[in-house]
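Welcome! Please take a moment with the sequence and the model below before reading on.

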Amino acid sequence: MTDRTKVSTSQLLSTFAMVLVALLLGAVLIIFSGNSPAEAYGAMLRGAFGSKNKISELFVKLIPIMLMAFGVSIAFRAQLWNIGATGQFVMGAIATTIVALHVAGPIPVRMVLSFLAAVVAGALWAGIAGWLRNKFNANEVITTLMLSHIARYFLMYVVTGPSGFLHDPHSDLTQSDAIPEGMHLARLLGPSYRLHSGLFVLVLAIVFMFFFWKTTTGHRIDLIGQGEKVSIYAGVDVRRTVMTTMLISGAFAGLAGWLEIVAIQYRLQSTFTDYGNIATIIALLGALSPAGILASACFFSVLLCGGSSMQRMTNVPYSVVDVMQGLIIILVIAKATLANRIKGFWEKRPKKEAANG
């Protein structure tokens with residue numbers, strides 16, 4: 001079995017080519033908007049790396065999207081298309097807030113319980129899709145997407161609905177009360193910067209991912225991705241592995257939701273930045289490998305953080321960044337199709353030459 005924790009040279013080149021093509025097409029759009037691509041991309045880089053605060057914000061974006069991309073990649077490696085990471089993220093945030101506000105006990109105990117609640121909530125929310133897949137052969141693309149919508153509506157319900165048991169009684173905004181200050185994660189660069197100690201959680205997650213695919217569970221998930229018949233022949237319990245895969249995938253998104261509350265927002269809000277779609281793009285662009293995801297997550301963090309600066313400094317609309325994300329998705333899909341076409345062409349060529357000879 002190949003070691004898919006590493007990115008091959010061909011994968012690196014193809015990924016670099018896709019990013020380059022997306023940037024070139026983005027440059028065409030920038031020209032059509034009446035701006036200079038060099039100035040626009042320069043402003044984007046300054047917006048991401050131009051100051052200590054901007055670098056801090058770069059890591060603030062990097063932490064949740066990379067965690068969610070790791071979770072998505074685990075499911076994708078098993079050919080389980082979990083596109084509902086946003087819902088699992090939201091459920092993790094809701095569970096964190098409930099524990100923080102409604103569970104009595106010392107702050108350290110509540111901190112640990114909120115962490116466990118978030119991870120379990122994200123895992124179980126993805127596990128519902130896994131159970132539906134095993135029980136009714138339900139398509140996980142549809143079920144995870146629908147579960148994300150349910151999670152969003154449930155979020156609205158708990159902060160604004162008839163019960164409103166998480167609503168801030170001192171505010172008319174659609175948000176919960178603030179969690180206790182003792183549950184806030186420490187700021188690494190001081191109170192003026194939002195970079196938090198959740199960075200160490202990300203580092204542990206990266207180390208975990210590099211070792212995970214060498215474990216028995218990781219090999220079983222890889223086998224599921226190669227086909228059910230192969231898995232059964234190898235003695236793998238397919239249903240159990242499907243459920244395990246979805247639980248682990250959702251747990252990563254739930255963990256990201258926990259960090260969003262205890263490190264960034266400090267309260268539950270009715271709207272969250274949708275990191276789920278970006279995590280999916282990052283996982284695919286990174287070829288579902290830890291190293292590839294690390295590189296592609298850094299690239300997208302620059303896009304997200306630098307895009308707003310590009311808009312302010314050059315009048316290039318931020319929608320150009322959204323278009324570039326869409327282009328990368330198209331290129332990822334086109335890469336697989338083009339590779340199959342080229343492979344088929346070269347396989348048929350010897351047969352034609354033999355027939356002519």
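The report below goes from the overall build to the core, the salt bridges, the cysteines and a surface patch.

## About the model

This is a predicted model, in which local features need pLDDT of at least 70 and side-chain atom pairs count only at pLDDT 80 or more, while totals for chains, interfaces and linings use all residues. Residues are numbered from 1 along each chain as its sequence is written, and side-chain values use heavy atoms, with hydrogens and water left out.

## Overall build

The protein has 13 helices and 0 strands; helices (H or I, at least four residues) and strands (E, at least two) are DSSP runs, numbered from the N terminus. Read from the N terminus on, the elements run α-α-α-α-α-α-α-α-α-α-α-α-α.

Contact means heavy atoms within 4.5 Å. Of the contacts with a separation of 6 or more, 73% join residues 24 or more positions apart. The accessible surface comes to about 17,300 Å², and carbon and sulfur atoms hold 66% of that. Accessible areas come from the Shrake-Rupley method with a 1.4 Å probe, and for residues only the protein chains shown count as cover.

## Inside the protein

Of the 357 residues, 48% are buried. Here, buried means under 20% relative accessible area, exposed means over 50%, and partly exposed lies in between (1.4 Å probe, protein chains only).

The largest nonpolar core has 101 residues. Such a core is a set of buried Ala, Val, Leu, Ile, Met, Phe, Trp, Tyr and Cys residues joined through side-chain atoms within 4.5 Å. Leu67, Leu268 and Phe300 have the most contacts inside this core. Leaving aside residues up to four places away in sequence, the residues that Leu268 touches include Ala93, Ile94, Leu155, Val158 and Gln175.

## Salt bridges

Side chains of opposite charge can pair when their charged atoms come close. The whole structure contains 4 salt bridges, each one a side-chain nitrogen of Lys or Arg within 4 Å of a carboxyl oxygen of Asp or Glu. One of them joins Glu57 and Arg194, at 2.7 Å from N to O. Glu57 lies in helix H3 (residues 52-77) and Arg194 in the loop between helix H6 (140-160) and helix H7 (198-212), so this pair ties together parts that are 137 residues apart in sequence. Glu57 counts as buried because its relative accessibility is 17%, while Arg194, at 29%, is partly exposed.

Another salt bridge pairs Arg77 with Asp222, their closest N and O atoms being 3.1 Å apart. It links distant parts of the chain, with Arg77 in helix H3 and Asp222 in helix H8 (residues 216-225), 145 residues apart. Both Arg77 and Asp222 are buried.

## Cysteines

How many disulfides does the structure hold? There are 0, where a disulfide is a pair of cysteine sulfur atoms within 2.5 Å. Cys305 is buried because its relative accessible area is 9%, whereas Cys298, at 34% relative accessibility, is partly exposed.

## A nonpolar patch outside

Val28, Leu29, Ile31, Phe32 and Val323 form a nonpolar patch on the surface, with about 460 Å² of accessible area together. Patches are made of residues with over 30% relative accessible area and no salt bridge, with like charges joined within 9 Å and nonpolar side chains (Val, Leu, Ile, Met, Phe, Trp, Tyr) within 5 Å.

Helix H1 (residues 9-32) supplies the largest share of the patch, 4 residues. Phe32 is found in helix H1 and counts as exposed because its relative accessibility is 68%.
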